[in-house]
Amino acid sequence: MNNSIIYALDFDGVICDSAVETAITGWKCAGQIWDDMPGPVPPSQLIDQFRQVRPIIETGYEAILAMRLLHLGETTASIYTDYAGKTQALMQAAQVDAGDLKQRFGATRDAWIETALADWIDMNPLFSGISERLQRLGQQGIWYIITTKQERFVKQILKANRIELPDAHIFGLDRNMSKQEVLKKLLEKHSGQPIHFVEDRLPTLLNVLKNDQLAEIKLIFALWGYNTDADKGVAAQNPFVCQLLENFLA
């Protein structure tokens, strides 16, 4: 039996620091829905504020709503207080649903990639040292990406950083599978082998922890990703490995 570790890695906030690109794409999309949004690029202070809001966002398209709220003058604290209520109200008023926003978000990214690929890649840097570690991991072991990002964008970023990963090892938004469903599938495929799941969103890890079918999986909380000090405090009280970037895949 092969007992080498199988790594299941989140993408945004673990591998890729995509916050700036996500904010700009969200802003561009918001400008298509609300015609009072000024200019093609958000002011830098709103990008900084988006970074603070980023931990509450689960899927990229929500950046459209977050950037709209920030433009309307909502503070980081007020967005955290009633995120679901505020975003639902925006969607109802604009008569859009999650499917509309996902489609628009993907199309806006596609247009950016088509017209200025190098610029788009620059806005999606990998965290320090990650590229080399993933290249090494690819030579030595088996790894997967489990993300709420659309797979074509993950592939573009990996390719630009000369990281090879089979398409079948990328589980993105396109699959319509929850992260728990993907992890269950990996447990079945790699029966008897240790699986380490690295994720920066605390709610995602807490949900995996509650699932008895996934009890074998080692859960690693990425301290360098999109999470708050409060998240870090809660994570420390749970059976997660709270990992610093320098120890990731070390």
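Is Cys-242 buried, partly exposed or exposed? Cys-242 is partly exposed, with a relative accessible area of 32%; buried means under 20% relative accessible area, exposed over 50%, and partly exposed in between (1.4 Å probe, protein chains only).

The views show a predicted model, in which local features need pLDDT of at least 70, side-chain atom pairs count only at pLDDT 80 or more, and totals for chains, interfaces and linings use all residues. Residues are numbered from 1 along each chain as its sequence is written, and side-chain values use heavy atoms, with hydrogens and water left out.

View A. The structure contains zero disulfides (pairs of cysteine sulfur atoms within 2.5 Å). Cys-29 is buried, at a relative accessible area of 0%.

**View B. The buried residues of helix α2.** Helices are DSSP runs (H or I, at least four residues), numbered from the N terminus. In α2 (residues 44–53), Leu-46, Ile-47, Phe-50 and Val-53 are buried. They cover an arc of only 110° around the axis, which puts them on the same side of α2; the arc is that of the directions from the helix axis to the C-beta atoms. The buried residues of α2 pack against α1 (19–33), α3 (62–71) and α4 (76–81).

**View C. Gln-180 in helix α9.** Helix α9 spans residues 179–189. Gln-180 is partly exposed, at 25% relative accessibility. Beyond its neighbours within four places in sequence, Gln-180 is in contact (heavy atoms within 4.5 Å) with Asn-207, Val-208, Asn-211 and Leu-214.

Technical notes:
Helix = DSSP H or I, 4+ residues; strand = E, 2+ residues; numbered from the N terminus.
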